[in-house]
Amino acid sequence: MSSSPLLPPVAVTAYQCVSAGGDDVEALYASLIANQSCLKPLTLFDMPFATVVGEVTSVLPEIRASLKAYDCRNARLALKVLAQAGFRDQLLQAMAKHGANRIGLVLGTSTSGIYDSENAYARLLQDGVMPAEFHFQKVQTAQATAEFLQLELGLQGPCYAISTACSSSAKALGVAQRLIATAMCDAVLVAGVDSLCRLTLRGFNSLQLISPSACRPMDANRQGINIGEGAALLLLEKPSPENAGRPRLLAVGESSDAHHMSAPHPDGVGAATAMAHAMRLAGRNVDEVDYINLHATASSLNDLSEARAVVSLFPNPPPCSGVKGLLGHTLGAAGAVETIVSLLALERGFLPGTCGLQQPDPQCQFPVVAAPNLGLSPRLILSNAFGFGGNNASVLLEAA
Amino acid sequence: MESMSLLGFAACAPDAEFRASLPFAVFDINRETIPPLLRRRSSRAMQLAFSAATAACDSAQRSPSMLPCIFASVAGEIQTTDLLCTELVKPDGAISPSAFHNSVQNTAAGYWSIAQQCTQPASALAAGADTFAMALLEAWCQLACQGGELLLVCYDENWPAILDPNRGEPAFSCAFVFAAGAVAGSIIQIGRPQSGAATLPADWAALVDKMPILAAMPLLELANSADSRAQLVFISSTWQVEVRRR
């Protein structure tokens, strides 16, 4: 039995994404259907070990002269999304409708513009001073690209960043829903943006979590994770008759593991709590969920923890899959990128596959979809994002 | 929700001279607030956050294990991040796995949830010069949507001088326990954060420019005073809140 929601749903009226899966949602959809890994050797910088990454290799746009202080790879990835398939026009229409001061902007990012900070540190090592054009608060701190997008678009509402590692942009969606529910905003632009950088590649390598070859989520022979990059932007608006045909964000469930800084709770207790919290906020039951987009990083600890969480919460788990073998782990952007994957599943009627899955891990006792399934049209989807600090978020989406 | 109520608060500054210059009581860092196993490797940012958060929960007489929390910081774990970036650009630089996972913005939030065995949601936010204002807004929205109580912790350690010369000091933290609505026995009630430029006393302006998290000072000063007039209080150059004392 469903009950009334504790928080009103919001409409997702527009979304766009740039990732290793392509420069817009059409390319991403084609990649999801083809289910051929987009992970390739890194070209952006040199690494002292072998791996493949989900890199955006197409040309990124220049930042306009008046906003040059914000120039960094993160800002360029975000700017590229604005240029895709009329997305900027949709934002301008929303601004004309609601007013620039009624539209908020919430960014989820883990490392912000640190790729460019690393380049500045290389100059520091060489020259003894930081480059004159380096702006700490406009490049490196977490809100930098949020501020850039706000100025680029002329938005005037609340503007901030959530930075909770790999759950950042999933939690940003929850922030946006609350900003609309409290009438602080009529619409919110949510951005999940993280670029490849030396810090995360070498950091995860130091934790012995990087796979040398394309990762295999939920596979018995998995060897670890691959890092990706991406920018995903979603426009959320308060529900109205006009947007009744758009999919809905019903809730974002959140929890803390309270267990370990870099390892998930082995039984997935926090992950299960986040999924259950999403269901409770939305007043829905687990048997209504048609598909779960797993966090499924392809690290053994993460995959097994999430598998136990799903089995503990769902007496009959729905089909599940994870897309990090296709796109890599886009870290702070993953929540927003994979929410867009889930929205494509809702709107175009298919279940994404789990690229790289050959031999399902017998310890993961639930149905993992290996190849995309074009015969099913899910209506209610959970999308998981879990991060360092035991920080868990689960996004619940419904078809129009 | 018409207002949120302040149930308890505390502020912390490790620099004795700065502490002495403030018109209200501010504590030094209290490393005892961090469990021994976590203490040795704890960053200054984490020490600041834990010191204020623990004292605020004590003052509100609330158990930290029950409170959802929001950790707000302009620069987060900037000293650890600086160390990593310095190593990353050396040909033979060494990256420590614990330094890496302790460089994320939600390091203090994560360790707080572990130390307090708190499974409630924990968030970490940043908004540059508006960090304190957006932290109050986030607290407002969570309480308006979910009711109950929460812990807000605002903190910044000193930033490395090479990153933003003449900015990023003095280190400071403050923490607040808020409840949804007007609660009997609360210290002050705070209205919905709104656009507007309430006056920032000149004493604070230069400090806030140097260290944006110090935008909390006017609200802290009022919470510490006996001033009973309803008034608009500066929380950033473009955001303000109405504060009343019943």
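Let's start in chain B. Strand β2 (residues 69-72) and β3(B) run parallel, joined by 4 bridges. Strands here are DSSP E runs of at least two residues, helices are H or I runs of at least four, and both are numbered from the N terminus. Two strands count as paired if DSSP finds at least two bridges between them. In this pairing, Phe71(B) stands opposite Ala124(B) of β3(B).

A word on the model before going on. It is predicted, so local features need pLDDT of at least 70 and side-chain atom pairs count only at pLDDT 80 or more, while totals for chains, interfaces and linings use all residues. Residues are numbered from 1 along each chain as its sequence is written, and chains are lettered from A and ligands numbered from 1 in the order in which they are written.

Back to β3(B). Is this strand enclosed or open? 5 of its 5 residues are buried, so β3(B) is largely enclosed by the rest of the structure. Buried means that 20 or more other C-beta atoms lie within 10 Å of the residue's own; exposed means 12 or fewer; partly exposed is in between; the C-beta atoms are placed from the backbone. Look at the two faces of β3(B). Ala122(B), Ala124(B) and Ala126(B) are buried on one side, Ser123(B) and Leu125(B) on the other.

Strand β5 (residues 159-162) of chain A meets β3(B) in the antiparallel sense, over 2 bridges. Ala161(A) has Ala126(B) as its bridge partner. Ile162(A) has Leu125(B).

That takes us to the interface. How many residues does each chain bring to the contact? Chain B brings 47 and chain A brings 49. Contact means C-beta atoms, placed from the backbone, within 7 Å of each other. On the chain B side, the elements giving two or more residues are α4 (78-88), α5 (97-101), α6 (107-116), β3 (122-126) and α7 (131-146). The largest share comes from α7(B), with 7 residues. By type, the chain B side divides into 27 nonpolar, 16 polar and 4 charged residues. For those classes, Ala, Val, Leu, Ile, Met, Phe, Trp, Tyr, Cys and Pro are nonpolar; Asp, Glu, Lys and Arg are charged; the others, Gly among them, are polar.

Next, the core. The largest nonpolar core has 232 residues. Such a core is a set of buried Ala, Val, Leu, Ile, Met, Phe, Trp, Tyr and Cys residues joined through C-beta atoms within 7 Å. Among the residues with the most contacts inside this core are Val188(A), Leu236(A) and Ala56(B). Which helix gives the most to this core? Helix α3 (residues 44-60) of chain B does, with 11 residues.

So stay with α3(B), as 14 of its 17 residues are buried and it is largely enclosed by the rest of the structure. α3(B) reaches 24 Å from its first C-alpha to its last, close to the 24 Å expected at 1.5 Å a residue. That expected span is 1.5 Å times one less than the number of residues. After α3(B) comes Gln61(B), with a positive phi near 55 degrees. And Ala56(B)? Leaving aside neighbours within four places in sequence, Ala56(B) is in contact with residues including Phe9(B), Ala10(B), Ala175(B) and Phe176(B).

9 of the 9 residues of β5(B) are buried. Strand β1 (residues 4-12) of chain B runs antiparallel to β5(B), with 8 bridges. Ala10(B) is the bridge partner of Ala175(B) there. β4(B) also pairs with β5(B) in the antiparallel sense, over 8 bridges. There, Tyr155(B) has Ser173(B) as its partner.

Between β4 (149-156) and β5 (172-180) of chain B is a loop that holds Arg167(B). Is Arg167(B) buried or partly exposed? Arg167(B) counts as partly exposed, because it has 17 C-beta neighbours inside 10 Å. Not counting residues up to four places away in sequence, Arg167(B) touches Trp159(B) and Lys210(B).

Last, chain A as a whole. Chain A has 12 helices and 12 strands. Its C-alpha atoms fill a box of roughly 60 × 50 × 40 Å along the principal axes. Of its 400 residues, 64% count as buried.

Methods:
Two residues are in contact if their C-beta atoms, placed from the backbone, lie within 7 Å.
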